[in-house]
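Colleague: Please take a close look at the aromatic rings in this model. I would like the ring pairs first, then the charged groups placed over rings.

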Amino acid sequence: MSVKLLEMVRAHKSGTPVGIAAVCSAHPLVLRAAIAKAAQDGTPVLIEATSNQVDQFGGYTGMKPADFRDLCLTIAAEEGLPRDLLILGGDHLGPNRWQKEPAEQAMAKALDLVAAYVAAGYEKIHLDCSMACADDTTPLSDEVVAERAARMLAVAEKTASDAGLAHRPVYVIGTEVPVPGGAHEELSDLEATSPDAARATVAAHRRAFEAHGVLDAWDRVIALVVQPAVEFDHLRVIQYDRSRTEELRHALDDEPTMLFEAHSTDYQLPERLRELVGDHWFVIKVGPGLTFNLREGLFALSHIEDELVPAERRSDLRSVVESTMVADPDRWSSYYEGDEDAQRIQRRYSYSDRLRYYLPDAAVEAAQERLLDNLSAITIPLPLISQYLPVQYDRVMSGELSSDPRALVMDRVTDALRPYAYACNLQEVGA
């Protein structure tokens with residue numbers, strides 16, 4: 001619940017270094033893994049739908065906000081997670097999907113987008129108007145971004161009021177927002193946001209909220225997105241270096257209910273994530289890292305299938321994924337460079353994981369289900385689990401984990417979540 005997030009922010013501000021991971025994925029197996037872990041731990045889980053995944057038209061998943069909500073609620077009920085521990089958020093809500101359109105046309109759709117999320121009961125709303133539209137002069141100023149964010153917030157607040165929601169949403173603002181899903185190009189180095197830039201962004205938003213008559217929502221702005229100099233590209237991860245944020249981390253000391261939000265924290269080492277939370281990055285987002293691990297698990301199972309299942313009955317998952325991506329290159333071709341071999345490696349194994357956009361494809365879904373059904377019908381020999389999923393093998397041998405293929409692949413996804421649980425210290429506040 002949004003109230004729970006506010007309580008956690010206050011606890012952090014009072015000296016308890018608590019944070020929360022934002023699970024940014026729409027894949028049912030990823031959602032189930034995250035919800036099952038929260039149910040096991042007795043801690044809240046924050047699941048965020050991204051504006052390109054889920055929108056009022058269906059996004060690339062085919063789901064509208066209410067559809068995604070219902071999916072999460074169904075999984076939560078099946079996994080035994082209490083409703084008050086499931087928090088839903090909307091990520092990068094703004095004109096992201098319509099950047100090629102004129103600003104006013106794009107913003108009209110963005111306003112409808114945020115209304116759809118709030119009406120569906122999403123409690124954490126990331127207002128992201130940092131992207132330029134077709135007729136914008138670039139770069140956008142803080143004032144332009146803040147004014148558009150204020151317009152969205154006004155719609156969100158009216159929607160919540162009209163719907164009679166028991167609790168109003170909490171909000172996230174910020175202009176230094178990393179590109180959704182990781183960098184498009186190879187990285188050399190990154191600069192952390194300057195403290196002055198962070199304060200200027202906060203001041204611009206406060207003025208815009210006041211101008212639009214929604215300043216009473218200011219104490220529900222729980223986070224500012226800034227760049228702590230962490231990112232990943234196709235082959236490299238830039239780990240957090242807390243020496244580079246010594247001044248930035250104090251930029252919000254005078255804001256009683258506002259901390260930082262970090263995007264693109266995928267693939268960070270557990271200690272670096274823990275340092276981020278300790279340095280006041282309250283929300284740490286993970287997305288591609290989850291489907292990266294999902295792909296590793298599914299590909300490992302497909303190798304096991306090759307050993308155990310006759311050729312005519314196999315799913316051929318790896319080949320289906322490759323042929324699907326090659327036949328429809330629009331979602332990866334502008335990201336992956338090099339010759340054919342380099343592009344093939346990046347399609348399958350890149351940290352940026354453009355493969356995740358093809359997982360909802362009907363042919364890929366059918367191959368995934370055939371793979372899981374094939375292996376569910378037999379007993380997977382333990383040595384094969386050791387060969388292809390060695391970490392899961394140890395858990396199977398110790399009795400912690402079933403050798404069922406769905407359990408194996410979900411546990412591989414959970415491996416990407418375990419560092420976040422370690423970093424966020426949720427047990428310290430009894431959340």
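Modeller: What follows goes through the ring pairs and then the charges over rings. The model is predicted, and a search of the whole structure finds 11 aromatic pairs. One of them joins Y117 and Y122 in an edge-to-face arrangement, with 4.7 Å from centre to centre and 65° between the planes. Y117 has a relative accessible area of 0% and is buried; Y122 also counts as buried, at 1% relative accessibility.

Another pair is formed by Y267 and Y351, whose centres are 4.5 Å apart. The planes of Y267 and Y351 make an angle of 50°, so the pair is classed as tilted rather than edge-to-face, a class that needs an angle over 60 degrees. Y267 sits in the loop between β9 (259-262) and α7 (270-278), while Y351 sits in the loop between α10 (340-349) and α11 (362-376). The pair therefore ties together parts that are 84 residues apart in sequence. With a relative accessible area of 19%, Y267 is buried because the cut-off is under 20%. Y351, at 26% relative accessibility, counts as partly exposed. Y267 and Y351 also belong to a cluster linked by ring pairs, together with F232 and F292.

As for charges over rings, R274 lies over the face of Y422, 4.4 Å from the ring centre. R347 has its charged end over the ring of W332, at 4.7 Å from the centre of that ring.

Methods: Residues numbered from 1 in each chain as written. Predicted model: local features only at pLDDT ≥ 70, side-chain atom pairs only at ≥ 80, totals over all residues. Heavy atoms only, no water. Phe/Tyr/Trp six-rings, centres within 6.5 Å; stacked < 30°, edge-to-face > 60°. Buried < 20%, exposed > 50% of the residue type's maximum accessible area, 1.4 Å probe, protein only. Helix = DSSP H or I, 4+ residues; strand = E, 2+ residues; numbered from the N terminus. Lys NZ or Arg CZ within 6 Å of the ring centre and 35° of its normal.
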